[in-house]
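Let's walk through this fold together, one piece at a time. Keep the 3D view open as you read.

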Amino acid sequence: MRVVTSVVAMQRLARRWRAAGVRVGFVPTMGYLHAGHLSLVQAARRRVGRDGVVVVSIFVNPTQFAPHEDLAKYPRDLPRDRRLCREAGVDVLFVPTAEEMYPRPVGAEFSSYVVEEALGRGMEGVTRPTHFRGVTTVVAKLFNLVLPDVAVFGAKDFQQAAIVRRMARDLNFPLEIVVAPTVREPDGLALSSRNKYLSADERRQATVLWRAIQEAQAVVNHAPKPVTAARLKAALKTFVEREPAARLDYVEFFDADTLAPAERVTHGTHLALAVFVGKTRLIDNARLN
Ligand code: AMP
């Protein structure tokens, strides 16, 4: 496995692959890798085959964090990530520095952003208004550097995947976006680098996101007709906040393709929620079957 830290070196490699007709699969991450990330690596490998190359990037992207968010304390462990990537059969690990990605020469600071203007408004976009602008900007930059044929994202960040897909389509990035299923702990908690922030007690309470999804599923299963979203949202807020450390940020029901809010909830409606457990903000989502 090759570790690339410079933007120029990454671009040079990518151009060489493209000229040679080598298929490139790409998994962008912020590191502190877990089995969810590694499942994306496997999905990328399946798409490009043994003759293709799989690139993982690790970059804790400052532009997607608001000033009060956890950029400085976001968990990092590069030696461990490197080992996990090597064991997972990654060909190139791209680990650029913030200075390389966002150069700041005096008088010529970084000032160009990519903004998706429809899908990013609701849900995460309400609590984190500048978040998706940072995501689309860095993903567009990474696409330009890695020149992937296939890029794999996790369904865990459902709104993010939808936005990236829309951006790639709107801006004609010549690649396929694949969305891979959410990997969970045995008790249902979605794997996340941020789970590391949880105390033992918070970790137990954090299963409430998955339990709330199950609760919504049970309501839909037993209701003779579609349920009013507003009523179910209120019930889920009470359900979540029965855990002493949990505070519901939002729960939303929506159409999986358009992300348009659903007024009535039934089989096929998608559900997403964000919950503060102590100081840690966790998200999850699922389709109600
Ligand atoms: P992150 O490092 O959190 O920015 O995530 C990098 C990629 O991994 C994103 O596409 C995430 O959606 C995906 N991901 C994170 N957690 C999971 C999970 N539990 N299952 C599947 N994919 C995940």
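V208, R211, A212, E215, A216 and V219 in helix 9 touch L232, L236, F239 and V240 in helix 10, where contact means heavy atoms within 4.5 Å. Helices (H or I, at least four residues) and strands (E, at least two) are DSSP runs, numbered from the N terminus. Sorted by class, this contact has eight nonpolar, no polar and two charged residues; Ala, Val, Leu, Ile, Met, Phe, Trp, Tyr, Cys and Pro count as nonpolar, Asp, Glu, Lys and Arg as charged, and the others, Gly among them, as polar.

A quick word on the source: this is a predicted model, where local features need pLDDT of at least 70 and side-chain atom pairs count only at pLDDT 80 or more, while totals for chains, interfaces and linings use all residues. Residues are numbered from 1 along each chain as its sequence is written, and side-chain values use heavy atoms, leaving out hydrogens and water.

Back to our pair: helix 9 (residues 208-222) and helix 10 (residues 229-240) pack at about 145 degrees, with axes 10 Å apart. Axes are lines fitted to C-alpha atoms, for helices over the stretch in contact, and angles run from 0 to 180 degrees between N-to-C directions.

Six strands make an open, parallel sheet in the order 1-4-3-2-5-6; two strands pair if DSSP finds at least two bridges between them. Strand 1 (2-4) and strand 6 (176-180) are the edges, each pairing on one side only. Three bridges link strand 1 to strand 4 (residues 92-94), and V4 sits opposite F94 in strand 4.
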